[in-house]
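Let's take a walk through this structure together.

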Amino acid sequence: FTDLFFVTNTIPNMLVNLQSQNKAISYAGCLTKLYFLVSLVTLDNLILAVMAYDRYVAICCPLHYVTAMSPGLCVLLLSLGWGLSVLYGLLLTLLMTRVTFCGPREIHYLFCEMYVLLRLACSNTHIIHTVLVATGCFIFLTPLGFMTTSYVRIVRTILQMPSASKKYKTFSTCASHLGVVSLFYGTLAMVYLQPLHTYSMKDSVATVMYAVVTP
């Protein structure tokens, strides 16, 4: 459902813009799309961390899996993910309402995105950019560190297995998740771990990678 909402927020409007002569979007519509983009990319990030923990328990503590990943814990983790995502999206969207725009208001990108709007602003965006980087580092790098720790332990457990076929079978269950994590965080880092003034069209392509290809 998260991935379905994610692509529904970006792809239909993007396809319409590619075919239509009128590519205008209202201010409220742009902020609404920004809110869902931020919320859903945050939720995707947190769900990837929960999936890494699930893989860790299944491979490293298989006899305790049923109790360690109880339905109640799964519901709690997903609820926390949804709650944090909604609040984080609301925080950044409310900060964007304090930005003023002047001059040309043409977005030379595929959809409304944080750095794109900040580049169009004529008011001081230093505080908002600082908040974006600081909160982003916490809410994205913390789960990434959690995933890295989980996979270090998973690899250690796999290497201790005596059978080569069992090693391959166990690691293959993690391959798709590792691929998504690499693509997701690689493109996120490419876009947001840079100064605002260096943001360009090539970074918009990277945005499409995490907002469209990954889901």
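C74 counts as partly exposed, at 28% relative accessibility; partly exposed is the band between buried, under 20% relative accessible area, and exposed, over 50%, using a 1.4 Å probe and protein chains only. C137 is partly exposed too, with a relative accessible area of 27%. Before going on, keep in mind that this is a predicted model, where local features need pLDDT of at least 70, side-chain atom pairs count only at pLDDT 80 or more, and totals for chains, interfaces and linings use all residues. Residues are numbered from 1 along each chain as its sequence is written, and side-chain values use heavy atoms, with hydrogens and water left out.

A disulfide is a pair of cysteine sulfur atoms within 2.5 Å, and the structure has zero of them.

Now zoom out to the fold. The chain is built from eight helices and zero strands, so reading from the N terminus you get α-α-α-α-α-α-α-α, with helices (H or I, at least four residues) and strands (E, at least two) taken as DSSP runs and numbered from the N terminus. The C-alpha trace spans about 65 × 30 × 30 Å along its principal axes.

Residues 34-53 are 100% helix and 0% strand, with end C-alpha atoms 29 Å apart. Residues 127-152 are also 100% helix and 0% strand, and there the end C-alpha atoms lie 37 Å apart.

Next, find N45 in helix α2, which runs over residues 27-60. Is N45 buried or exposed? It counts as buried, at 0% relative accessibility. Leaving out residues up to four places away in sequence, N45 touches I139, F140, P143, M147, F184 and Y185, where a contact means heavy atoms within 4.5 Å.

Finally, the whole chain: 40% of its 215 residues count as buried. Among contacts with a separation of 6 or more, 73% come from residues 24 or more positions apart.
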